[in-house]
2 protein chains.
Amino acid sequence: MPQPLARELGNLIERGRDRQLRLAVTGLSRAGKTAFLTSLVHQLRHAGLEARLDLLPAARDGRLLGASRVSQRDIGVPRFPYDQALAALSETPPRWPDPTRGISELRLVIRYRPAKRGLLGGETRELTLDLFDYPGEWLLDLPLLDHDYLSWSETQDSRQTKGGARHAMFAEWRRAVATLAPDDDADEAQLATIAEHFAAGLRRAREAGFADLQPGRFLLPGELDGAPVLQFFPLPGLASDQRKTLEALPENSVYRTLAARYAHYRQYIVKPFYQQHFRRFDRQIVLVDVLGALNAGPERFDDLSRALGTLMQSFAYGKRSLLARLFAPRIDRLAIAATKADHVTPEQHGRLVSLLEALLAEPLKDLRFADVPVRALSLASIRATHSREVEQRGKRSPALAGTTLVGDEVLLFPGEVPSRLPDAGFWERQGFDFPAFRPLPHDAGALPHIRLDAALDWLIGDKLQ
Amino acid sequence: MPQPLARELGNLIERGRDRQLRLAVTGLSRAGKTAFLTSLVHQLRHAGLEARLDLLPAARDGRLLGASRVSQRDIGVPRFPYDQALAALSETPPRWPDPTRGISELRLVIRYRPAKRGLLGGETRELTLDLFDYPGEWLLDLPLLDHDYLSWSETQDSRQTKGGARHAMFAEWRRAVATLAPDDDADEAQLATIAEHFAAGLRRAREAGFADLQPGRFLLPGELDGAPVLQFFPLPGLASDQRKTLEALPENSVYRTLAARYAHYRQYIVKPFYQQHFRRFDRQIVLVDVLGALNAGPERFDDLSRALGTLMQSFAYGKRSLLARLFAPRIDRLAIAATKADHVTPEQHGRLVSLLEALLAEPLKDLRFADVPVRALSLASIRATHSREVEQRGKRSPALAGTTLVGDEVLLFPGEVPSRLPDAGFWERQGFDFPAFRPLPHDAGALPHIRLDAALDWLIGDKLQ
């Protein structure tokens, strides 16, 4: 066999290995996961036609030929509801798609021409892209793997018991749990009632915009609704030097019963997600609604920061980490993105990225230490505004034109995004009130976006060379 | 050790083996599962006090001391919502409890004195009774284990395509599926649409009172909502002599795609219920709403008969059956009960049992052949009427006094229950219209019932000797 042809065949085999990529999208509720995935699929399907993907070299060079949906690999996982999402965007007036509630999946086959033509000439290639969408809340349960019931109870102690708006939401639970002693005989009905108070506190906190909520499945019980495994809660006031005494209590004591449920939750609810899905993702993007958190005020902003710190631990696994030892995940590239960038004027986008990086400063350090390549960016998956320059008091100012969720057409000068974490003084001086817009009317062309192509380039661009 | 004491100890050990019993309750939707389990738990908890359980010897002899709820064995299974059911019955006006939707479980410890006192004297014993409640619809999927996709398609052919009210409910699906050929390339979105038409037909049929509906999980998708595994349907017009040709079609053909989903459903949805739960039940009661089926007319009555025939196959496993080979179930005693007996006058109860036996004639033959002891009876788990004798045209007739679901207090002479399967002429001459009553107001005492104690005697009485 002549050398060049042999090399060519070798290349083909080499590429064969790369022809599948599993890309996961996550973020906390309302971060924009559904809009991101819908737009991503829409752009790739319209590639080569109307889609504007100039920051993705394969598209810019005209080598991206299109994408088609094919049967997904795991038919036991719900399919990502792309058609329903697109239908919502095409309504009159358009509306944002309904949020997804669990994991969902969708498989695309992308056709492209390689950047360097081989000896075999003008061939086309295919990349199979498996897309996954799952709730970021599930990752907030990761720390449970690191704790037993006693140490978890201790970590929760400060959260539900110290002051603030969140504190008030757990008042009923605190009253109820105060009647329990660890060595009481467990009463099924009483534990169920107290657990329901705890879950109600979590639900209230989520509705008020808090994100750092454990255990995640209490908020989305599904088929486990009413199962004792979802009926535990921390016991306030436990200390680790009591461990021996506590573990010697009878099996049907309050402490042992709650500890057994906690252990079951960890083993049969938290672990299976990592085992069955997480460990197989190749690439990951984490979406963050930074502007929403600024709107919500200092307590929720701090809460978001803490929740993201927890969430990102799932990616910053060093070789020695518990996660790496348990599941050997293989995510080799990560993007973090501030979504809804079109809700501020373009000259603010740099600050938005800086703020995101400040918010994730600690997790980013861990990621660098763990040698996971990561890129921060801001984007709008589906554009909802037009930016304008408007004459104001004799000088031209950037402004946004759009339609608010309630249907008012407005021209706005949204406030400044801070480029660093706002301090207490800052919150006192200035509140934030970034408006929420409905999507632009959608006609036949590709969905308008901001820098979705930059995200695509980082996440899949190297596989389209 | 003196002989008598040694024998006594041996007895104790022997009994120890018998101190656990797993009793399962099933029936199709609205058969009265929740009312049965609620009343059963209530009677046992009130045993020794107000409960009237004269047909259960241990209770009649004053040896049944009571029962208490304890932690269930499998904390990943929802707890049977006993408290919520009791609360519904105690409302003003009382209402029937909400139906359960999947499997649930509850553990009781029953305290009793053995019938023959041993040398150790007046000791009390305990029986741990695990109660399970699961939808009879799940058992309708059993035949799927016996079929591959092709043969299942053939069995379904006649059901959705021949005439009758049920036929009309699948009209949209038939139109949609007619556009498909087995060797077409599978189009994900198209298959999803046609599957949704099929599921909509099943839902309409269930709402209209039909019971013989496959696949069962299409009616209760839970967390699998939107997953391709629930997106299959029979292909009309297939014949088994095409098997070779069909199986040689490409993997992404319509036929192969649907067949793969069917196989996944069988393996990961039907089988796990038998593996994880069914094979561990010791005793089983099947509840049947015979009166409701009479009310609904001949087509639905025949449908119920067919559904029950299918359902009962799960219990009539001979040694050579597929079920026995796969899962080795161990149900050693079965009860079948016509529920809501209080909705007809007492002298009709004998006919109600005869009709139930006629309805189940074929399955009962199979059960006898398989040597599974079975008892048929009629009962009212929670009494909703009082029976009266009323003077009518000079003679005393039995009548029922109660409050209908909409709140009217009525005195009724319900029609005659046929003691054999009604033939076509019978349906023409006579319709049925048995009324539906709300439960009697519930005060402190045990819930009033009819022959729940007879069911209890058959199902657990031998363990309370």
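In strand β10 of chain B, B:Val410 is the bridge partner of B:Gly402, helices (H or I, at least four residues) and strands (E, at least two) being DSSP runs numbered from the N terminus. This is a predicted model, in which local features need pLDDT of at least 70, side-chain atom pairs count only at pLDDT 80 or more, and totals for chains, interfaces and linings use all residues. Residues are numbered from 1 along each chain as its sequence is written, and chains are lettered from A in the order in which they are written, while side-chain values use heavy atoms, with hydrogens and water left out.

**Strands of chain B**

- β9(B) and β10(B) (residues 409-412) pair in the antiparallel sense over 4 bridges, where pairing requires that DSSP finds at least two bridges between two strands.
- The hairpin formed by β9(B) and β10(B) has 5 residues between the strands, and B:Gly407 in its turn has a positive phi of about 105°.
- β9(B) (residues 395-403) is also joined by 8 bridges to β8(B) (residues 385-392), the two running antiparallel, and B:Ala399 of β9(B) is the bridge partner of B:Arg388.
- In the hairpin of β8(B) and β9(B), 2 residues lie between the strands, and B:Arg393 takes a positive phi near 40°.

**Helix packing in chain A**

- The axes of α2(A) (residues 33-45) and α17(A) (residues 452-460) come within 11 Å and cross at roughly 80°, the axes being lines fitted to C-alpha atoms over the stretch in contact, with angles running from 0 to 180 degrees between N-to-C directions.
- The contact (heavy atoms within 4.5 Å) is made by A:Phe36, A:Ser39, A:Leu40, A:Gln43 and A:Leu44 of α2(A) with A:Leu452, A:Ala455, A:Leu456 and A:Ile460 of α17(A).
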